[in-house]
Amino acid sequence: MGRMSGPKLKSGGAAAHEADVGSQPATLGEIGLDRFAPYLMNRVMGRWNADIQKALREFGLTTAQMRALAVLSVIPGLTIMELSVYTVTEQSTMSRTLDGLESQGFVRRVARADDARAREIFLTDAGAAAFARVWPLMRDAYEKMLAGIGEEEREAFLGTLRRIVRNVRRHNL
């Protein structure tokens, strides 16, 4: 496989001057894939999703269903729109996902007290049990992903990710 970093700028010319004064590289080749955060995040999440999806088959769950169960285990009573944001799933996909989870008896939808048009989603006991069976798989994949990274570095990394989420978010969730 070829090298992952981009080419170095040669001295001389306007491009070299711009690099010398600290401006940002102009091309992806100059940045390099190994220094381009969206590329690295896609690689990590692509591998995470593929590994999780493969393991979820034995539980009869999809990745979207696992995400919904995971979020609802931490934040019960979300609307479909809110759950879609937290799970990074299209609202139409989340609606179908919830239909499946409801038919399995894993979630229930309840009219919101202050607005009967809105439905809040909660895990049932069966849904909580299903997530409890899946959680060790998720925890093991998480630990594998962060193997060899000390606690201080993990906390710094998570802090950086939280700032990135704040920078890119479109909802106050």
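**Notes on the predicted model**

1. The protein chain exposes about 11,900 Å², and carbon and sulfur atoms supply 55% of that area. This is a predicted model, so the values here are computed from predicted coordinates. Of the 173 residues in the protein chain, 27% are buried.

2. On secondary structure, the protein chain has 8 helices and 2 strands. The order along the sequence is α-α-α-α-α-α-β-β-α-α. As for contacts between residues at least 6 apart in sequence, 47% join residues at least 24 apart.

3. Helix H4 spans residues 63-74, and helix H3 spans residues 37-56. The axes of H3 and H4 come within 9 Å and cross at roughly 95°. An angle from 65 to 115 degrees counts as roughly perpendicular, and H3 and H4 are therefore roughly perpendicular to each other. On the H3 side the contact is made by Asn 49, Ile 52, Gln 53 and Leu 56; on the H4 side, by Thr 63, Met 66 and Arg 67. By class, the residues of this contact between H3 and H4 are 3 nonpolar, 3 polar and 1 charged.

4. H4 also packs with helix H5 (residues 80-87), at an angle of about 105° and with the axes 10 Å apart. That angle makes H4 roughly perpendicular to H5. H4 contributes Arg 67, Ala 68, Val 71 and Leu 72 to the contact, and H5 contributes Leu 83, Tyr 86 and Thr 87. The residues of the contact of H4 with H5 divide into 5 nonpolar, 1 polar and 1 charged. Arg 67 is listed in the contact of H4 with H3 and also in the contact of H4 with H5.

5. Which residues does Thr 63 contact, leaving aside its neighbours within four places in sequence? They are Asn 49, Gln 53 and Leu 56. Thr 63 is in H4 and has a relative accessible area of 12%. Buried means under 20%, so Thr 63 is buried.

6. Beyond the neighbours within four places in sequence, Ala 64 is in contact with Met 94 and Thr 97. Thr 87 is one of the H5 residues in the contact of H4 with H5.

7. Met 66 is another residue of H4. Because its relative accessibility is 3%, Met 66 counts as buried. With neighbours within four places in sequence left aside, Met 66 is in contact with Ile 52, Leu 56, Val 134 and Met 138. Met 66 and Val 134 are 68 residues apart in sequence, yet their C-alpha atoms are 7.8 Å apart in space.

8. The buried residues of H5 are Ile 80, Glu 82, Leu 83, Ser 84 and Thr 87. What do these buried residues of H5 pack against? They pack against H4, helix H6 (91-103), strand E1 (107-112) and strand E2 (115-123). Glu 82 is among the buried residues of H5, and a reader checking side-chain placement may wish to look at it. After H5 comes Val 88, whose phi is positive, near 55°.

9. The structure holds 1 aromatic pair. Phe 131 and Trp 135 form this pair, at 6.1 Å centre to centre and with 35° between the planes, which is tilted. Both residues lie in helix H7 (residues 125-145), 4 residues apart, about one turn of the helix. An α-helix has 3.6 residues a turn, so residues three or four places apart point the same way.

10. Trp 135 has a relative accessibility of 38% and so counts as partly exposed.

Definitions and conventions: Residues numbered from 1 in each chain as written. Predicted model: local features only at pLDDT ≥ 70, side-chain atom pairs only at ≥ 80, totals over all residues. Heavy atoms only, no water. Contact = heavy atoms within 4.5 Å. Buried < 20%, exposed > 50% of the residue type's maximum accessible area, 1.4 Å probe, protein only. Areas by Shrake-Rupley, 256 points an atom, 1.4 Å probe, with all protein chains shown as cover. Phe/Tyr/Trp six-rings, centres within 6.5 Å; stacked < 30°, edge-to-face > 60°. Axes fitted to C-alpha atoms, helices over the stretch in contact; angles between N-to-C directions. Parallel < 35°, antiparallel > 145°, perpendicular 65-115°, else oblique. Nonpolar A, V, L, I, M, F, W, Y, C, P; charged D, E, K, R; others polar.
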